[in-house]
Amino acid sequence: MSKIAVIYWSGTGNTQQMAEAIANQAHADLFAASEFTADKAANYDAFAFGCSAMGAEQLEESEFEPMYQDLRGSLSGKPVGLFGSYGWGDGEWIRTWAEDAEAAGARLVVEPVMANGSPDGDAETACAALGTALA
């Protein structure tokens, strides 16, 4: 059985809700971005990363982006899922992020999961599917 980490940053609680649903489905360990380090990453076989869209559709810059960049080099060949919520735009931030993760060698297990605001039924179903795919 794979050991899975779900790591997230959430400004409003929407992405945290998604992270909790994924972690529950995957029987994974759940971490806020500020709690996770490259040293901890060595203990995990698969990852789900969640971050809300910020500013001009980008990842949160003070906690999440530095943590992700520290781990980026260790994602090659690993199963990875991406998720997050947004309140404007069309999801460009997560598409750009998916391209970056794939360029780092991550193996995306499903299409990135997005929720416009609070996760609705479709987003909840997609979070469960992401958790199942990681498990």
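**Helix packing and buried residues**

Trainee: How do helix H1 and helix H5 pack, in terms of angle and axis distance?

Mentor: Helix H1, residues 14-26, packs against helix H5, residues 121-134, at an angle of about 40 degrees, and their axes are 7 Å apart. The axes are lines fitted to C-alpha atoms, for helices over the stretch in contact, with angles running from 0 to 180 degrees between N-to-C directions. Helices (H or I, at least four residues) and strands (E, at least two) are DSSP runs, numbered from the N terminus.

Trainee: And what is this model based on, and how are residues counted?

Mentor: It is a predicted model, in which local features need pLDDT of at least 70 and side-chain atom pairs count only at pLDDT 80 or more, while totals for chains, interfaces and linings use all residues. Residues are numbered from 1 along each chain as its sequence is written, and side-chain values use heavy atoms, with hydrogens and water left out.

Trainee: Back to the pair, then: what do we call the arrangement of H1 and H5, and is the crossing left-handed or right-handed?

Mentor: H1 and H5 are oblique to each other, given that angles under 35 degrees count as roughly parallel, over 145 as roughly antiparallel, 65 to 115 as roughly perpendicular and the rest as oblique. Their crossing is right-handed; a crossing has that name if the near helix is turned clockwise from the far one by less than a right angle, and is left-handed if anticlockwise.

Trainee: Which residues meet there?

Mentor: From H1 there are Met 18, Ala 21, Ile 22, Gln 25 and Ala 26, and these meet Cys 127, Ala 128, Leu 130, Gly 131 and Thr 132 of H5. The residues of this contact divide into 7 nonpolar, 3 polar and no charged, where Ala, Val, Leu, Ile, Met, Phe, Trp, Tyr, Cys and Pro count as nonpolar, Asp, Glu, Lys and Arg as charged, and the others, Gly among them, as polar.

Trainee: What about H3 and H4, how do they cross?

Mentor: The axes of helix H3, residues 64-72, and helix H4, residues 92-103, come within 11 Å and cross at roughly 25 degrees, and the two helices are therefore roughly parallel to each other. The crossing is right-handed. In the contact, Phe 64, Tyr 68, Gln 69 and Arg 72 of H3 meet Trp 97, Asp 100, Ala 101 and Ala 103 of H4, and these residues divide into 5 nonpolar, 1 polar and 2 charged.

Trainee: Last one: what is the phi of His 27?

Mentor: Phi of His 27 is near 55 degrees, a positive value in a residue other than glycine. Most residues other than glycine have a negative phi. His 27 sits in the loop between H1 and strand S2, residues 29-32, and counts as exposed at 64% relative accessibility.

Trainee: And Ala 28, where is its place, and what is it in contact with?

Mentor: Ala 28 is also in the loop between H1 and S2, but it is buried, with a relative accessible area of 16%. Leaving aside neighbours within four places in sequence, Ala 28 is in contact with Ile 4, Val 6 and Ala 23.

Key
Contact = heavy atoms within 4.5 Å. Buried < 20%, exposed > 50% of the residue type's maximum accessible area, 1.4 Å probe, protein only.
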